[in-house]
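Here is a quick tour of some ring contacts and a sheet, written to be read with the model open on your screen. Grab a viewer and follow along.

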Amino acid sequence: MASISFEGVAHSYERKPRGDRDYALKTLEMTFENGGAYALLGPSGCGKTTLLNIISGLLRPTRGRVLYDGRDVTGLRPAQRNIAQVFQFPVIYDTMTVAENLAFPLRNRGLDRATIGRRVHEVATMLELENVLGQRAAGLTADQKQKVSLGRGLVREDVAAVLLDEPLTVIDPQLKWLLRRKLKEVHARYNHTFVYVTHDQNEALTFADRVVVMYDGSIVQVGAPQDLFERPLHRFVGYFIGSPGMNFLPCHPTGDGLGIDGTDIVMGGAWFEKAAERAHARLELGIRPEHLQALATADGDTVPARILRVEDLGNYKLVTAMLGPHRLFAKVPEGQEIGNENTNLRFPPARTRLYADGELLV
Ligand code: ADP
Ligand code: MG
């Protein structure tokens with residue numbers, strides 16, 4: 001087990017990178033603490049696999065240093081780093097049996113037969129592979145093959161870290177849920193440093209203690225799932241996390257707070273001051289659908305909006321409203337009146353955020 005640090009790490013796949021745009025990973029400073037359960041979350045192409053392969057040593061970064069427990073491993077090959085890596089698609093030996101596949105990483109390390117037998121059995125039980133231990137891997141289903149691949153990643157107890165790159169992509173949805181829980185159990189039991197790459201927020205938020213959100217080659221926020229939800233530091237985090245994501249409205253400072261086109265929202269003087277300091281930036285108000293209130297009756301601090309659609313989603317209603325030309329979502333508790341064609345939106349100040357050029361200001 002180890003903590004893993006990046007010092008000024010950047011990577012370009014170009015031989016002669018020029019500007020920032022040639023870098024798949026922009027300069028990163030980051031520490032994965034020993035024993036942490038991390039998820040790397042972001043859309044396709046944002047640099048997750050690149051980052052993971054730099055941790056494992058499959059890729060040598062263009063710039064910067066990688067440290068394991070403070071020791072510089074930048075020049076070391078994957079085998080010298082003592083990590084386990086599980087890929088998106090199964091990496092197994094088709095001609096070997098399932099048991100032999102699971103035993104392989106342990107044989108490689110020269111462990112004794114008894115230990116190997118015990119670990120293979122434990123991992124097989126956990127992943128529900130006991131019944132196929134004697135079968136050749138070639139005959140397995142895609143799900144089973146990926147489980148064997150996962151097993152090979154989890155079988156060693158002495159690894160510095162376990163790295164998983166979208167490991168459940170080929171797995172059937174029902175089994176996905178089960179395996180995610182198993183992975184969490186394995187983490188709780190062995191306390192390895194886990195780095196789990198995914199583009200799926202549900203996977204990231206349920207698996208990880210710390211979620212590392214990536215966007216366009218940069219880390220935009222590292223936090224507990226709750227932080228990412230309550231206090232997105234970057235508009236991308238607000239937009240990407242949540243379903244639907246955070247609402248954003250272009251705004252400008254006015255006397256009582258913030259103005260949105262012709263409408264003023266009373267937010268208090270502090271908001272005005274902050275906004276006025278950054279009057280030349282692209283200012284946006286951000287509020288989650290869970291926090292935006294849609295009320296039947298107008299009040300001093302509500303603004304009128306038109307109701308476009310109401311969807312009943314069982315325990316809440318999803319209201320789509322138009323504030324001028326801007327479309328907003330509000331999640332309204334079942335049974336609360338919202339009005340008919342028109343509603344009144346309330347932006348609770350404690351739940352409302354202000355962003356300047358995409359970064360959190362208030
Ligand atoms: P993710 O895993 O988040 O989908 P990647 O790390 O695979 O993203 O890719 C990040 C960026 O680097 C993308 O723009 C991708 O096209 C580019 N890239 C990835 N691998 C290579 C490669 N071997 N050669 C050139 N460009 C690559
Ligand atoms: Mg990838």
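Phenylalanine 248 is buried, with a relative accessible area of 15%; the cut-off for buried is under 20%. Tyrosine 355 is buried too, at 0%. Keep in mind that this is a predicted model.

What sits over the ring of phenylalanine 248? The charged end of arginine 235 does, 4.4 Å from the ring centre. There's another case of this kind: the charged end of arginine 288 sits over the ring of phenylalanine 229, also 4.4 Å from its centre.

Now for rings meeting rings. The structure holds 9 aromatic pairs. Two of them are laid out here:

| Ring pair | Distance between centres | Angle between planes | Arrangement |
|---|---|---|---|
| Phenylalanine 6 and phenylalanine 32 | 6.4 Å | 70° | edge-to-face |
| Phenylalanine 248 and tyrosine 355 | 5.5 Å | 75° | edge-to-face |

Why do these count as edge-to-face? Because the planes are over 60 degrees apart, with 70° for phenylalanine 6 and phenylalanine 32 and 75° for phenylalanine 248 and tyrosine 355.

Where do the partners come from along the chain? Phenylalanine 6 belongs to strand S1 (residues 4-11) and phenylalanine 32 to strand S2 (residues 25-32), so their pairing ties together parts 26 residues apart in sequence. Both phenylalanine 6 and phenylalanine 32 are buried. Phenylalanine 248 is in strand S11 (residues 247-250) and tyrosine 355 in strand S21 (residues 353-356), so that pair ties together parts 107 residues apart in sequence.

Ring pairs can also link up into a group: Tyr215, Phe236, Tyr239 and Phe240 form a cluster this way.

On to the sheet. It's an open one of 6 strands, in the order S6-S7-S8-S3-S9-S10, and its pairing is mixed. Strand S6 (83-86) and strand S10 (218-223) are the edges, each pairing on one side only. From one strand to the next, the twist averages 15°.

Isoleucine 83 stands opposite alanine 161 in S7.

Which helices lie across these strands? One of them is helix H1 (residues 48-56), which lies across strand S3 (37-41), S6, S7, strand S8 (193-198), strand S9 (210-215) and S10, and runs at about 155° to S7. Helix H6 (residues 173-190) lies across S3, S7 and S8, running at about 160° to S8.

Technical notes. Residues numbered from 1 in each chain as written. Chains lettered and ligands numbered in written order. Predicted model: local features only at pLDDT ≥ 70, side-chain atom pairs only at ≥ 80, totals over all residues. Heavy atoms only, no water. Phe/Tyr/Trp six-rings, centres within 6.5 Å; stacked < 30°, edge-to-face > 60°. Helix = DSSP H or I, 4+ residues; strand = E, 2+ residues; numbered from the N terminus. Buried < 20%, exposed > 50% of the residue type's maximum accessible area, 1.4 Å probe, protein only. Lys NZ or Arg CZ within 6 Å of the ring centre and 35° of its normal. Pairing = 2+ DSSP bridges. Axes fitted to C-alpha atoms, helices over the stretch in contact; angles between N-to-C directions. Contact = heavy atoms within 4.5 Å.
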